[in-house]
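Subject: Structure handover

Hello,

I am passing on the structure below, followed by notes on what was found in it. Please read the notes with the structure open.

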Amino acid sequence: SVDRDSDPVWSLDGKRIAFFRRPGRQYNEVFDFWNPPNPSIWVADATSGQAKEIWNPAGADPKFYTVRNLIWAANDHILFTAEHDNWNHFFSLPPSGGEPIDITPGDAEVEHFHLSTDGTTLFFSSNHADIHGRHIWKVPTAGGKAVQLTRGATIGSYPVALASGKDVAFMYATAKHPMSIALV
């Protein structure tokens with residue numbers, strides 16, 4: 001085909017691979033840079049080479065925008081980011097397909113993110129609690145309620161789960177304190 005496959009990620013057992021498939025263009029087709037087609041998500045079996053589409057945002061109402069950041073997490077879930085309600089959120093989808101679940105809902109932007117070492121928890125920075133600030137949050141990759149980890153008039157960004165699984169390092173700042181590394 002003339003489709004473009006990209007951003008491959010392996011399942012944790014190494015038996016499957018998920019990837020984005022972007023539709024190819026026909027010769028002399030005018031490309032709309034303001035409204036490009038979003039990629040569908042496919043899963044392929046590494047042994048047989050057989051692949052199937054598990055989700056396609058075409059025709060979704062409201063439309064999904066900027067579909068990106070494909071991650072294969074634990075609990076056999078595939079994560080990706082998209083703007084579905086004017087905010088960048090994380091969505092979770094089983095590799096068998098279906099409708100993706102917004103695991104970071106609300107009127108807020110998800111900016112920086114990192115998976116826990118076991119792949120069951122997504123840590124992210126967001127302005128959900130304070131539109132002018134940024135805080136560190138966590139949510140199960142298979143879905144569930146997001147939990148705020150930092151509070152106050154602060155900026156928390158770039159969370160990184162430590163190998164111990166007990167702490168998350170992140171960049172921390174306030175109006176009076178310059179950017180530095182903190183733990184939560």
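Strands S2 and S3 run antiparallel and are joined by six bridges. Within this pair, Ile 17 stands opposite Ala 44 in S3. Please keep in mind that this is a predicted model.

The two strands belong to an open sheet of four, in the order S1-S2-S3-S4, with antiparallel pairing. At its edges are S1 (residues 4-10) and S4, each of which pairs on one side only. On average, neighbouring strands of this sheet are turned by 30° against each other, direction ignored.

Next, the nonpolar cores. The largest has 16 residues, of which Ile 41, Trp 55, Leu 70 and Phe 80 touch the most other members. Two or more residues come from each of S2 (16-22), S3 (40-45), S4 (51-55), S5 (65-73), S6 and S7 (88-93). Another core, of 11 residues, lies apart from it and includes Ile 71, Ala 73, Leu 122 and Phe 124.

Leaving out residues up to four places away in sequence, Ile 41 touches Phe 19, Phe 20, Lys 52, Glu 53, Ile 54, Trp 55, Leu 70, Phe 80 and Leu 93.

Thr 81 is located in strand S6, which spans residues 77-83. Its relative accessible area is 0%, so Thr 81 counts as buried, the cut-off being under 20%. The side chain of Thr 81 makes a polar contact with that of Asn 69, at 2.8 Å. Beyond four places in sequence, the residues that Thr 81 touches include Thr 66, Val 67, Arg 68, Asn 88, His 89 and Phe 90.

Regards

Notes. Residues are numbered from 1 along each chain as its sequence is written. This is a predicted model: local features need pLDDT of at least 70, side-chain atom pairs count only at pLDDT 80 or more; totals for chains, interfaces and linings use all residues. Side-chain values use heavy atoms; hydrogens and water are left out. Buried means under 20% relative accessible area, exposed over 50%, partly exposed in between (1.4 Å probe, protein chains only). A polar contact is a pair of N or O atoms within 3.5 Å; within protein, one must be able to donate a hydrogen and the other to accept it, and residues adjacent in sequence count only if both atoms are side-chain atoms. Contact means heavy atoms within 4.5 Å. A nonpolar core is a set of buried Ala, Val, Leu, Ile, Met, Phe, Trp, Tyr and Cys residues joined through side-chain atoms within 4.5 Å. Two strands pair if DSSP finds at least two bridges between them. Axes are lines fitted to C-alpha atoms, for helices over the stretch in contact, and angles run from 0 to 180 degrees between N-to-C directions.
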